[in-house]
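Visitor: I have a structure to look at and some questions about it. Please take them one at a time.

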Amino acid sequence: MELYRKSRGLRRASPLTEQGRRFLPHALAFLERAAQLAELGGGPTEPREIHVAATQYLILYVLIDAVRRFHAAFPNIQVRLSNHTEHEIEEALLHDPELALGVAAPYESSAELEYLHLFSLDWSLITPARHRLARAREVGLQHLVDLPLILLERGSTGRQHIMDAFHGQGLSPRIDMETTNTEIIVRMVEAGLGVSIVPLMPSGAVTRGHRVRVRSLAGQIRPIHSGILVRRGESLAAASRAFIDFLLPSQRPGATTGPKR
């Protein structure tokens, strides 16, 4: 049977045929099992690599440290990170067989993908240090309608959560700027270009060192859920399973809840 199609020039899609896509996970499993048997027989231990696609936010504030600790625990498994938007991650998982898994905050993922929950984040308002809302006793979405908002780009999960919350109260916010990067948003707010609504890590790492003020909007906007995306029904390689188990909450010291599937 034909497993792939040869073509000249730059590839814009996977060269695998339908039979090739079905055969690939079995071929990878055969190769990995052969490597494990070689290790049992005293053969050389070759480094294994897994390709992980993630959003920039999760790479910066979650995965860099996680991969560092994973490499220390599994020195023969290398994690190759690539930065994509949520939509790009889902598309890549569906069409690129070399991509092992994705880490993102999917808004409505494909039925062909399975989601493994990592954590949830509440939303916060960030303002310039001397902004009037930084000292206000209460802050609601209604107080933000006439202010210049800096939001994540259209099509992102975070942007949709914010707009759903405003529209649910019959409000139409004033959006002056948008960008793909939370770190850039923080710098824009610090420069006085507007205010923003972003999900923040409990550690404060996102805004640390910047002259901004943070006010919680918990309960006013649906929390944003981040997790791992894998192809449904696919038999994962041992290296990929090891990385997933390393990330899941149930595997962390002191964890009390398991992954939500």
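**The cores**

Visitor: Which residues have the most contacts inside the largest nonpolar core?
Guide: This is a predicted model. Its largest nonpolar core has 63 residues. The ones with the most contacts inside that core are Leu101, Leu141, Leu144, Ile197, Ile228 and Phe243.

Visitor: What does Leu144 touch, not counting residues up to four places away in sequence?
Guide: Leu144 is among the residues with the most contacts inside the largest core. With those sequence neighbours not counted, Leu144 touches Leu125, Leu133, Val139, Phe166 and Ile197.

**A residue in a loop**

Visitor: Is Thr207 buried or exposed?
Guide: Thr207 sits in the loop between β8 (195-199) and β9 (212-216). Leaving aside neighbours within four places in sequence, Thr207 is in contact with Ile126, Val186, Leu200, Val212 and Val214. Buried means under 20% relative accessible area. The relative accessible area of Thr207 is 14%, so Thr207 is buried.

**The second largest pocket**

Visitor: What is the volume of the second largest pocket?
Guide: The lining of this pocket consists of 25 residues, and those closest to the centre are Thr55, Gln56, Tyr57, Glu86 and Thr180. The volume of the pocket is about 370 Å³.

Visitor: Which element supplies the largest share of the lining of the second largest pocket?
Guide: At least two lining residues come from each of α2, β4 (113-121), α5 (182-190) and β10 (224-231). The largest share is five residues, and the element that supplies it is α2.

Visitor: How many residues of that lining are charged?
Guide: The lining has 11 nonpolar residues and 11 polar ones. The charged residues number three.

**The whole chain**

Visitor: Among contacts with a separation of 6 or more, what percentage is between residues 24 or more positions apart?
Guide: The contacts considered here are those in the chain with a separation of 6 or more. Residues 24 or more positions apart account for 74%.

Methods:
Residues are numbered from 1 along each chain as its sequence is written. This is a predicted model: local features need pLDDT of at least 70, side-chain atom pairs count only at pLDDT 80 or more; totals for chains, interfaces and linings use all residues. Side-chain values use heavy atoms; hydrogens and water are left out. A nonpolar core is a set of buried Ala, Val, Leu, Ile, Met, Phe, Trp, Tyr and Cys residues joined through side-chain atoms within 4.5 Å. Buried means under 20% relative accessible area, exposed over 50%, partly exposed in between (1.4 Å probe, protein chains only). Contact means heavy atoms within 4.5 Å. On a 1 Å grid over the protein atoms alone, a cavity is a set of points where a 1.4 Å probe fits but cannot get out, and a pocket is an open set with protein on both sides within 12 Å along at least five of seven lines; lining residues have an atom within 4 Å of a point. Grid points are joined across faces, edges and corners, and a volume is the space filled by probe spheres set on the points. Helices (H or I, at least four residues) and strands (E, at least two) are DSSP runs, numbered from the N terminus. Ala, Val, Leu, Ile, Met, Phe, Trp, Tyr, Cys and Pro count as nonpolar, Asp, Glu, Lys and Arg as charged, and the others, Gly among them, as polar.
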